[in-house]
Amino acid sequence: MADVKVNKISEEIPKSGRIGRLKLIDPAVSNFFAQLPRKIQTSVESQLKKYKKYDGRTNIEVSEQRGLSSVVDLNAMLDKQMQAWKENPVWSDQPPQIEVSVPKGSLCNLSVKVDFGLPPDAVYNIVTDPDNKRIFKNIKEVVSRKVLIDEGSRQVVDLEQAAIWRFLWWSGTIAVHVLVDQNRADHSMKFKQVKAGFMEKFEGSWKVEPLFVDEKVCYPVRPKTLAEYESCSKGKGRIGSRVTLQQLIQPSMVPPPPISWYLRGITTRTTEMLINDMIAEAARLRGAIDEVTSNQEVKETKLESDQLQTEVNESMDIKKRWALQRRNSKTRT
């Protein structure tokens, strides 16, 4: 039907040339076709402007250049902040604050807070280090690491590690396979187990926030932003980090007491060891390596000598708690 109508219309148009045919078309339509070349030219010019910069580079080239510039600026800022620490490395490390809760059906949920004598970018580098087994003693090896998404400041990484475990007189390794979403823009990192196995749930998050270590020099002003802090401290103020860690651990089968108490204690101590490893690395980076090395050697020697006694004491403590619980159960019945 469409072909028939077209043929009929074409027969009604006089054969008086192009001008005669245009007269029979609506003026608005005629005007549109008359201006079509100009519209096309304008559209092409508009699109070209999107891909041109004043120096003739495309948006892609400009974006890459900006990305490179941002990395250079970030490194320069970190170098400046680290220089302030090297000039004044005095810092008193405090033990981490660890709160343990037991959600229903889980072994434990750990909430950790600790301050570091390093800028957020430097601490974030420690947390996201691809070769983190050189820092964390409970990591035996990195089995695989694949970057699935790379958006510059944000990356999604498929990570599998072999972690060392100890239970009473036994020890070995366990595979930890997690998906890590790390974002340097806000110094955050989330991790979650890829597939349930021995662990039903293993997930959590890291958050690194700036800490104005020398804010007293700004008194009576209390800086709220990095720009204010740099201004009032004349660029000499050291920037530390406040780190928070949330970690949920839920085995496929939660063991009954006293084993669950013992495992909860192991998990807490393992997390504390992880934080202490980070503290030692932070001290090395800010230039206090000699003092830290000496202290670390003393700590490791003491740990080895007291390890057996600690396990015996814990076993006795568990037995006492278990006996007390049984007595209380009999009293209630």
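Trainee: Quick one to start: how far apart are the end C-alpha atoms of helix α7, and what should its 28 residues span?

Mentor: Keep in mind that this is a predicted model. Helix α7 covers residues 259-286, so at 1.5 Å a residue it should span 40 Å. Its end C-alpha atoms lie 41 Å apart, which agrees.

Trainee: Nice. And which residue follows α7?

Mentor: That's G287, and its phi is positive, near 100°.

Trainee: Switching topic: how many disulfides does the structure hold?

Mentor: One. C218 is joined to C232, with the sulfurs 1.9 Å apart. The pair links distant parts of the chain, 14 residues apart: C218 sits in the loop between β7 (199-212) and α6 (226-232), while C232 belongs to helix α6.

Trainee: Is that disulfide right-handed or left-handed, and why?

Mentor: Right-handed, because the torsion about the S-S bond is about 65°.

Trainee: And C218, buried or exposed?

Mentor: C218 has 4% relative accessibility, so it counts as buried.

Trainee: What about C108, buried or exposed?

Mentor: C108 counts as buried, with 0% relative accessibility.

Trainee: Which residues line the largest cavity?

Mentor: Among them are M77, K80, E230, S233, R238 and I239. Helix α4 (residues 59-87) gives the largest share of the lining, four residues.

Trainee: How does that lining divide into nonpolar, polar and charged?

Mentor: Three residues are nonpolar, four are polar and four are charged.

Note on methods
Residues are numbered from 1 along each chain as its sequence is written. This is a predicted model: local features need pLDDT of at least 70, side-chain atom pairs count only at pLDDT 80 or more; totals for chains, interfaces and linings use all residues. Side-chain values use heavy atoms; hydrogens and water are left out. Helices (H or I, at least four residues) and strands (E, at least two) are DSSP runs, numbered from the N terminus. The expected span of a helix is 1.5 Å times one less than its number of residues. On a 1 Å grid over the protein atoms alone, a cavity is a set of points where a 1.4 Å probe fits but cannot get out, and a pocket is an open set with protein on both sides within 12 Å along at least five of seven lines; lining residues have an atom within 4 Å of a point. Ala, Val, Leu, Ile, Met, Phe, Trp, Tyr, Cys and Pro count as nonpolar, Asp, Glu, Lys and Arg as charged, and the others, Gly among them, as polar. A disulfide is a pair of cysteine sulfur atoms within 2.5 Å. Buried means under 20% relative accessible area, exposed over 50%, partly exposed in between (1.4 Å probe, protein chains only).
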